[in-house]
Amino acid sequence: MPANRAPLRLGLAGLGTVGIGVVKIVQGHAALITARAGRPVIITAVSARDATKNRDADLSGYAWETDPVALARRDDVDVFVEVMGGHEGPARLATEAALAAGKDVVTANKALLAHHGQSLAEAAEAAGRAIRFEAAVAGGIPVIKALTEGLAGNQMRRVMGVMNGTCNYILTRMQSAGLPYETVFEEARQLGYLEADPNLDVGGIDAGHKLSLLAAIAFGTRVDFDNVELEGIGNVSIDDITLAADMGYRIKLLGVAQMTGRGLEQRMTPCLVPADSPLGQLQGGTNMVVLEGDSVGQIVLRGAGAGMGPTASAVMGDVIDLARGNRLPVFGQPAASLLAAVPAKSATPAPYYLRMTLLDKPGALAKIATCLGEAGISIDQMRQINQPGAQDDRAIVLIVTHKATPADISFATAAFGKTGVMIDAPVAIRIESV
Ligand code: NAP
Ligand code: HSE
């Protein structure tokens with residue numbers, strides 16, 4: 001069949017950070033894109049809420065649609081580019097309308113796919129169209145392409161990573177400046193790093209959306225965001241960041257997905273990682289994804305997880321693939337062949353960091369050690385911290401355990417509470433080796 005040389009026509013819904021980034025690449029790299037795609041890529045029509053807003057881009061050549069659904073159905077649109085956001089409302093309706101009208105879809109919207117990935121993938125296949133979403137996971141890092149194409153011959157073992165730049169910014173800034181969470185959260189807000197609903201970032205939800213999409217591709221399962229174990233960074237204290245650093249660790253909001261004999265484990269939680277590991281060295285808003293396959297071993301991808309340029313770069317990678325005629329199943333295999341994931345609560349053993357404030361009296365530590373022993377947990381390292389100015393009737397004790405299951409740790413920490421020597425609730429943070 002002769003290659004299609006006609007221009008590929010985009011309908012762009014959303015003219016914010018990502019949408020304007022797409023306009024800039026389409027306008028600024030027209031010749032390069034034509035050469036690589038084998039045909040021109042043009043924007044024919046756009047949509048946003050406010051037609052009067054100054055958007056720092058020349059949109060005069062594009063038709064304006066107030067309704068994204070109408071944009072998605074236009075005859076002069078081949079690919080509907082959804083960069084509005086939100087998992088219901090216009091993003092969902094317009095994406096469904098685009099597929100029903102026989103358009104391919106490119107989206108940066110992880111929330112939409114985390115909630116409706118299966119039904120949208122089925123709708124795309126029924127229409128003989130594609131949904132591409134490189135920009136939805138880890139911004140500019142081409143991790144979806146790596147998993148669906150480059151690593152397609154592997155049985156994936158584990159997928160992990162730092163996938164929310166805002167959380168990584170907050171945690172690394174707390175550590176480097178010695179500032180508490182609340183102060184750095186406010187800084188991040190003023191820098192414009194936080195989503196309109198900050199809990200999407202700091203509650204781990206945005207990163208959980210991304211992990212659930214990677215897990216679907218890696219393990220051939222239906223997207224199962226509802227069973228991602230989520231814990232945000234709001235309870236990570238500067239004390240733990242500092243004490244963990246003294247012991248050679250960094251705290252990261254880390255996602256891990258792995259298929260076990262019991263089912264699919266997916267968790268997005270604060271973890272300690274070795275300070276000298278690739279994840280430990282990740283600074284600021286950067287993302288990192290670690291992919292482990294049976295043949296390839298470990299692959300580490302690192303780069304900007306957000307921002308106009310990186311996210312638009314990912315959108316355009318998808319657009320150019322479609323211009324070349326490359327259509328893949330949304331999650332790397334036909335939607336009907338994706339298995340319903342059997343969710344498994346995290347049970348893979350790992351070492352744990354424990355911090356507790358104890359009454360500083362004879363036998364206190366022995367009681368804690370007994371609780372650990374009775375839970376079958378062995379101590380690897382133990383340290384008592386004498387903080388200058390701290391009350392002398394209390395002691396901060398840090399313990400690093402040998403590998404233990406989350407259930408064993410919960411059993412032990414519940415038992416700590418009955419010893420009569422604990423002053424505050426203990427902190428337990430998993431240590432992941434990378
Ligand atoms: P944004 O700057 O807030 O822009 C959203 C755009 O969508 C705005 O132009 C807005 O119009 C338009 N919009 C919102 N609701 C609409 C509606 N009902 N009808 C028509 N237009 C509507 O958002 P963004 O940062 O570009 O993010 C867009 C998507 O990309 C989201 O799904 C986000 O999660 C994802 N993403 C963003 C980044 C990033 O770094 N920003 C990275 C990865 C993925 P007005 O301008 O008129 O208000
Ligand atoms: N809020 C997200 C982040 C934007 O901080 O990583 C990119 O998805």
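Close-up 1. From the side chain of Arg-55, an N or O atom is 2.7 Å from an oxygen atom of ligand 1.

Residues are numbered from 1 along each chain as its sequence is written, while chains are lettered from A and ligands numbered from 1 in the order in which they are written. This is a predicted model in which local features need pLDDT of at least 70 and side-chain atom pairs count only at pLDDT 80 or more, whereas totals for chains, interfaces and linings use all residues; side-chain values use heavy atoms, with hydrogens and water left out.

**Close-up 2. Surroundings of ligand 2.** The residues around ligand 2 include Lys-110, Asn-164, Glu-195, Asp-201, Asp-206, Gly-305 and Ala-306. A backbone N or O atom of Gly-165 lies 2.8 Å from an oxygen atom of the ligand, and a polar side-chain atom of Thr-166 lies 2.6 Å from an oxygen atom of ligand 2. The side chain of Lys-210 has an N or O atom 2.8 Å from an oxygen atom of ligand 2.

Close-up 3. Lys-103 lies in the loop between helix 4 (89–100) and strand 5 (104–107), where helices (H or I, at least four residues) and strands (E, at least two) are DSSP runs numbered from the N terminus. Lys-103 is buried, that is, under 20% relative accessible area with a 1.4 Å probe and protein chains only. The backbone oxygen of Arg-74 lies 2.6 Å from a polar atom of the Lys-103 side chain, and that of Val-77 lies 2.9 Å from a polar atom of this side chain.

**Close-up 4. The buried face of helix 13.** In helix 13 (residues 364–374), the buried residues are Ala-364, Ile-368, Cys-371 and Leu-372. Seen down the helix axis, these buried residues fall within an arc of 95 degrees, taken from the directions from the axis to the C-beta atoms, so they line one face of helix 13.

Technical notes. Buried means under 20% relative accessible area, exposed over 50%, partly exposed in between (1.4 Å probe, protein chains only). Lys and Arg count as positive and Asp and Glu as negative; His and the chain ends are not counted. A salt bridge is a side-chain nitrogen of Lys or Arg within 4 Å of a carboxyl oxygen of Asp or Glu. A polar contact is a pair of N or O atoms within 3.5 Å; within protein, one must be able to donate a hydrogen and the other to accept it, and residues adjacent in sequence count only if both atoms are side-chain atoms. A residue is near a molecule or strand if one of its heavy atoms lies within 4 Å of it.
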